[in-house]
Amino acid sequence: YNFLAGAAARGGSLGAGKTEKRAKAKQGGTGEYVEDVLYVVAASQLLAAASPWGWLLLLVIPSFAAYHGAKKFLHWVFNPTAEERAAQHVEMAEERKRREKTERRAARPRYRRA
């Protein structure tokens, strides 16, 4: 109970909307995940009272964790670093013209009106 009370004090709220929950979860807070786990456990208890297969709903929790872990791992493996992206970048004609134009403008002498 103390853990849940601490999570609620850090920003968990039962009346928060889905977008607020997602924004808080992306910030790295675990309070919203704890709240979601409580809802899943409550729903699985209700389903287990009605059916002997209701406990299978609890498999959603490790599945969700495995999905997010795999997503982070694949993002880490397959996304190139900034150096790799710079090495692969091919300058298009329009980009080259724009860059040369800004270089010419920067090289021009600037005169001030007296």
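How many salt bridges does the count come to by the rule applied here? The count comes to 2 salt bridges, a salt bridge being a side-chain nitrogen of Lys or Arg within 4 Å of a carboxyl oxygen of Asp or Glu. The model is predicted, so that local features need pLDDT of at least 70 and side-chain atom pairs count only at pLDDT 80 or more, while totals for chains, interfaces and linings use all residues. Residues are numbered from 1 along each chain as its sequence is written, and side-chain values use heavy atoms, with hydrogens and water left out.

The chain contains 6 helices and 0 strands; helices (H or I, at least four residues) and strands (E, at least two) are DSSP runs, numbered from the N terminus. From the N terminus on, the order of elements is α-α-α-α-α-α. Of the 114 residues in the chain, 9% are buried. Here buried means under 20% relative accessible area, exposed over 50%, and partly exposed in between (1.4 Å probe, protein chains only).

Glu100 pairs with Arg96, with the closest N and O atoms 3.5 Å apart. These two residues are 4 residues apart in α6 (residues 93-107) and therefore separated by about one helical turn. Glu100 is partly exposed at 29% relative accessibility, and Arg96 is partly exposed at 35%. Arg99 forms a salt bridge with Glu103, the closest N and O atoms lying 3.1 Å apart. Arg99 and Glu103 are likewise 4 residues apart in α6, about one turn of the helix. The relative accessibility is 33% for Arg99, which counts as partly exposed, and 44% for Glu103, also partly exposed. An α-helix has 3.6 residues a turn, so residues three or four places apart point the same way.

Two surface patches are described next. Patches are made of residues with over 30% relative accessible area and no salt bridge, like charges being joined within 9 Å and nonpolar side chains (Val, Leu, Ile, Met, Phe, Trp, Tyr) within 5 Å. Lys101, Arg104, Arg105, Arg108 and Arg110 form a positive patch. Lys101 is in helix α6 and is partly exposed, with a relative accessibility of 42%. A nonpolar patch is formed by Trp53, Trp55, Leu56, Leu58 and Leu59, with about 530 Å² of accessible area together, as given by the Shrake-Rupley method with a 1.4 Å probe. Leu58 lies in the loop between α3 (31-50) and α4 (60-78) and is partly exposed, at 36% relative accessible area.

Methods. Lys and Arg count as positive and Asp and Glu as negative; His and the chain ends are not counted. The place of a charge is taken as NZ of Lys, CZ of Arg, CG of Asp or CD of Glu.
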